Amino acid sequence: MNEQRFVVSDILWQRLEPHLPGKVSDAGATAKDNRLFLEAVFWRVRTGSPWRDLPPAFGHWNSQFRRFRWWAKSGTFECLFKAVSEDPDLEYALIDGTIVQVHQKASGAKGGLKLRPSDARAAG
């Protein structure tokens with residue numbers, strides 16, 4: 001696997017790692033490569049592929065899927081979001097109508113919207 005194409009940089013990983021389950025200091029089993037698992041999740045989100053299409057380099061798809069579900073149920077992803085949400089370089093972009101133009105056909109062009117009187121008004 002080409003580690004240069006990873007999404008999680010070393011700097012970002014240092015910020016995320018303390019918030020992940022399965023650390024040596026945690027009770028229970030130690031997680032097997034949380035960073036590779038995060039890369040698998042990001043790969044899936046970027047490609048829109050189902051879990052079954054996960055490349056073998058990320059591990060068995062069903063194991064990764066079960067781990068994803070466990071993290072989602074336990075609130076791990078919310079914890080990660082809170083950990084990075086204060087960083088202005090990692091905030092997400094909001095796009096609204098003030099910066100996006102609609103194509104003329106999307107607004108009902110060619111004469112615009114035509115309102116016809118209802119039958120009740122026409123009869124009365």
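Is Phe58 buried or exposed, and at what relative accessibility? I looked it up: Phe58 counts as buried because its relative accessibility is 7%. My cut-offs are under 20% relative accessible area for buried, over 50% for exposed and partly exposed in between, with a 1.4 Å probe and protein chains only.

A note on what I'm working with: this is a predicted model, where local features need pLDDT of at least 70, side-chain atom pairs count only at pLDDT 80 or more, and totals for chains, interfaces and linings use all residues. Residues are numbered from 1 along each chain as its sequence is written, and side-chain values use heavy atoms, with hydrogens and water left out.

**Where Phe58 sits.** I found Phe58 in the loop between α2 (34-47) and α3 (61-74). Helices here are DSSP runs (H or I, at least four residues), as are strands (E, at least two), numbered from the N terminus. I also checked Phe58 against Leu38: they are 20 residues apart along the chain, and their C-alpha atoms are separated by 9.6 Å.

**Aromatic pairs.** How many aromatic pairs does the whole structure have? My search turned up six. Rings of Phe, Tyr and Trp (its six-membered ring) pair if their centres lie within 6.5 Å; planes under 30 degrees apart are stacked, over 60 edge-to-face, the rest tilted. Trp43 and Phe58 have ring centres 6.3 Å apart and planes at 45 degrees, so I logged the pair as tilted. This pair links distant parts of the chain, with Trp43 in helix α2 and Phe58 in the loop between α2 and α3, 15 residues apart. Trp43 is buried, and so is Phe58.

Next I took Trp51 and Phe65: the centres are 6.2 Å apart and the planes at 65 degrees, so the pair is edge-to-face. Trp51 lies in the loop between α2 and α3 and Phe65 in helix α3, so the pair ties together parts 14 residues apart in sequence. Trp51 is buried at 9% relative accessibility, while Phe65 is partly exposed at 29%. Both belong to a cluster linked by ring pairs, along with Phe37, Phe68, Trp71 and Phe77.

**α3 against α4.** Last entry: α3 and helix α4 (residues 76-84) pack at about 70 degrees, with axes 5 Å apart. Axes are lines fitted to C-alpha atoms, for helices over the stretch in contact, and angles run from 0 to 180 degrees between N-to-C directions. I therefore noted α3 and α4 as roughly perpendicular (65 to 115 degrees). In contact (heavy atoms within 4.5 Å) are Phe68, Trp71, Ala72 and Ser74 of α3 with Thr76, Phe77, Glu78 and Leu80 of α4.

How values were computed: Parallel < 35°, antiparallel > 145°, perpendicular 65-115°, else oblique.
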